[in-house]
Amino acid sequence: MTHPDVDQLDNTTKRKFFSWQMSEIKFTWLISLIFICFYNATFFNAVFKAAPIHDLKSAFFLLSISLLFFVLNTLLVSIIVFPKIVKPILAIIFIAAACVAYFMNAYGIVIHQTMIQNTMETDVKEATGLFNGTLALYIFVLGIIPSLLLLKIKINFGNFKHQAFSKAKLWGLCILAILILIAPFSADYASFFRNNKTIRQMANPANFIYATISYASASNKSVVIKPLGEDAKLNEKAAQLTKPTLFIVVVGETARADHFSINGYSKPTTPLIAQQDIINYRQVFSCGTETAVSVPCMFSNLTRAHYSDKKAKSQESLLDVLKHSGYSILWRDNNSSCKGTCDRVAYEDLRDFKIPELCNERECFDNILLNDIDKKVAAMNGNKVVVLHQKGSHGPDYYNRYPANLEIFKPVCKVNKLQDCSSEEINNAFDNSIHMTDLFLNNAIEWLKTQSSNYNTALIYLSDHGESLGEKNLYLHGMPYIIAPVEQKHVPFFFWFSPGFEQESGINRECLKAQAETEYSHDNLFHTTLGLLNVSTSLYKPELDMVGQCRH
Ligand SMILES: [Zn+2]
C-alpha cells in the first residue's frame with residue numbers, strides 16, 4: 001500500500017538531509033549516533049577489552065555488538081522524540097550524559113541506583129567539591145553545545161497519523177535489526193553478558209536513565225508485606241503424632257532433570273540417591289528460568305500463571321504460613337540469598353565460611369549446608385523445617401562446584417567462556433556438579449536417619465530451574481519462559497520419608513510411586529508442604545497437593 005503523505009515527506013527530507021530540517025526518523029538516528037560517538041568511550045573501551053579481535057568471527061561479533069548498541073540507543077531516543085517535549089528533554093539528557101561521561105572517563109565509575117540516590121541527597125558543598133575545569137569543559141562541549149544546536153534543527157513530525165506510521169516503521173526496523181544482529185552470535189552474547197555484567201552499566205545515557213527511573217520508583221513505594229495464612233494451625237492429625245516433625249526442603253540450583261541417572265540419564269550422576277528409598281517424579285517443571293523468579297514463586301501460593309515479582313514481594317511466603325501454624329523455621333544458604341522468601345525467619349549465610357574440608361579459597365561446596373546442623377536444629381523448638389539452598393550446578397564455571405577429587409567425568413571444561421569448550425567437556429563439568437549434588441543429598445538423607453529416634457523426618461528436593469548446555473546453540477538459563485527451551489524448565493524433584501514419618505502420616509508409597517510420570521510443577525510445592533506438615537489453612541488447595549490423594 002502506498003502512502004502519499006509519507007512518500008512526499010520522505011522526498012523532501014531526503015533532499016534536505018544536510019540542512020537543519022529533517023524527518024523525525026532521521027533526527028532519531030542522528031541523536032543516537034551522537035550518543036554512540038561522543039559519550040561512550042568507557043563503554044567501548046570495556047567492550048574491546050572483553051571481546052578482543054583475534055579472528056574474523058570475533059571481528060564480526062564486535063561489529064555486531066557496536067551495531068546492536070546503536071540500534072538499542074535509537075529505540076531509547078525514539079521514546080522521547082515527540083513534538084514539543086523532545087528538545088527540552090534531550091537538553092537535560094545531554095548535560096547529564098556529559099557529567100556521566102566525565103565521571104566514567106576520569107574515575108572509571110559506573111552510575112547505578114545508589115549513586116543517583118547519593119547525587120539527589122548531596123549538598124552544595126559536596127557537589128562543588130567534585131567540580132573542576134575538566135568537568136566544566138565536558139559540560140560545555142557535550143552538554144551546552146549540542147543543546148544549543150538542537151535549537152537550530154527543525155524536525156518534520158507531520159500529522160498524528162504520519163507520526164504513528166513513522167514510529168511503527170522505525171520500531172519494526174529496529175526489532176528486525178536486533179534479531180539479525182543477535183541470531184548468528186546468540187551463544188557469544190549469552191556468555192559475553194554473563195561474564196561482563198558491569199558493561200551494560202557503562203552505556204550512556206541508557207544506564208543513568210534506567211538508574212534514575214529505578215531510584216524514583218523505589219523511593220515512591222514503601223512495600224507493605226501483606227500477611228498470608230494467619231489462620232494456619234496444626235490439624236487434628238498432627239495432634240496424634242508421637243514425635244515432633246523435622247522436615248528438610250532442599251532448593252537445588254540449576255539442576256537439570258534429564259542429567260540425573262535416576263531419571264534415565266546414561267551417565268551415573270546420581271548413584272547414591274538411587275540407593276535411597278526416594279519417591280521420584282520425572283515430569284516436574286519450574287516456575288521461572290532464573291533463581292530470582294523461581295525461588296519466590298515456588299514458596300508462594302501464587303501459581304506460575306498468576307505470579308508476579310511485585311505480588312510475591314508484597315505478601316508473606318510458605319515459610320510465614322508454616323511459622324503462623326507453630327513451626328520453627330531455619331533457612332541455610334550457600335547461594336546468593338533467599339530472594340525475600342525467608343525475610344521473617346531465621347537465616348544463615350554459609351558462603352564465606354572457611355572450613356578447609358568443605359571450602360576452598362573461592363567458595364564453599366554444598367556440604368557446608370550440613371555443617372553443625374545438629375546444633376542448629378537442636379536449638380530450634382517444636383516442629384522444625386530447615387531449608388537448604390544449594391549453589392548446586394550454577395554456571396558457567398561448573399568445575400568450581402565440586403572439589404578436585406570428585407572430578408569423575410573427564411575431560412572437563414575449565415573456562416567460563418563455554419563456547420571455547422567441546423560439548424563433551426561442558427557436559428562432563430556439569431555432570432560432575434550433579435554428582436556432587438547426589439553426594440550432598442545422600443549426606444542430608446543419612447543425617448536425617450540419625451535423627452529418626454527423636455523426630456519423624458522427611459526431605460523434599462527440587463531444583464529452581466534447569467540449564468542450557470549448548471543445545472540449540474543456547475547456554476546457561478534465564479530465557480523468557482515462553483521461549484525458553486525445555487532444558488531450562490525441566491527440573492528434578494523427589495521425596496524421601498523416614499518410616500516413622502510415612503507411617504504416622506498414613507502415606508501410601510505405592511500410590512505415590514504410581515504418579516512418577518504425572519506432570520507437576522513448582523505450583524505444587526506450597527500445597528504439598530502444607531499437606532505433609534498437617535497444616536490447615538483456608539489457603540490450602542487439595543488439588544495441588546501431590547500427596548493428598550495417597551494419604552489416608
Ligand atoms: Zn537458579
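On a 1 Å grid over the protein atoms alone, a cavity is a set of points where a 1.4 Å probe fits but cannot get out, while a pocket is an open set with protein on both sides within 12 Å along at least five of seven lines; lining residues have an atom within 4 Å of a point. Volume here is the space filled by probe spheres set on the points, with grid points joined across faces, edges and corners. The model you are looking at is predicted, so local features need pLDDT of at least 70 and side-chain atom pairs count only at pLDDT 80 or more, while totals for chains, interfaces and linings use all residues. Residues are numbered from 1 along each chain as its sequence is written, and side-chain values use heavy atoms, with hydrogens and water left out.

Now for the open space. The largest pocket has a volume of about 1,700 Å³. Of its 47 lining residues, Tyr189, Ala190, Phe193, Arg194 and Arg200 are the closest to its centre. Helix α4 (56-78) is one of the elements that supply at least two lining residues each, and α4 gives the most, with seven. (Helices, H or I of at least four residues, and strands, E of at least two, are DSSP runs numbered from the N terminus.) The pocket lining divides into 25 nonpolar, 14 polar and eight charged residues.

Charged side chains bring us to the last stop. The model has 22 salt bridges, each a side-chain nitrogen of Lys or Arg within 4 Å of a carboxyl oxygen of Asp or Glu. In one of them, aspartate 277 pairs with arginine 509, with the closest N and O atoms 3.2 Å apart. Aspartate 277 sits in the loop between α13 (271-275) and β5 (278-285) and arginine 509 in helix α20 (residues 509-513), so this pair ties together parts 232 residues apart in sequence. Aspartate 277 is partly exposed, at 44% relative accessible area, whereas arginine 509 is buried at 11% (buried means under 20%, exposed over 50%, partly exposed in between, with a 1.4 Å probe and protein chains only). Arginine 509 also forms a salt bridge with glutamate 502, the closest N and O atoms being 2.6 Å apart. Asp277, Glu502, Arg509 and Lys513 are linked in a salt-bridge network.

Definitions and conventions. Ala, Val, Leu, Ile, Met, Phe, Trp, Tyr, Cys and Pro count as nonpolar, Asp, Glu, Lys and Arg as charged, and the others, Gly among them, as polar.
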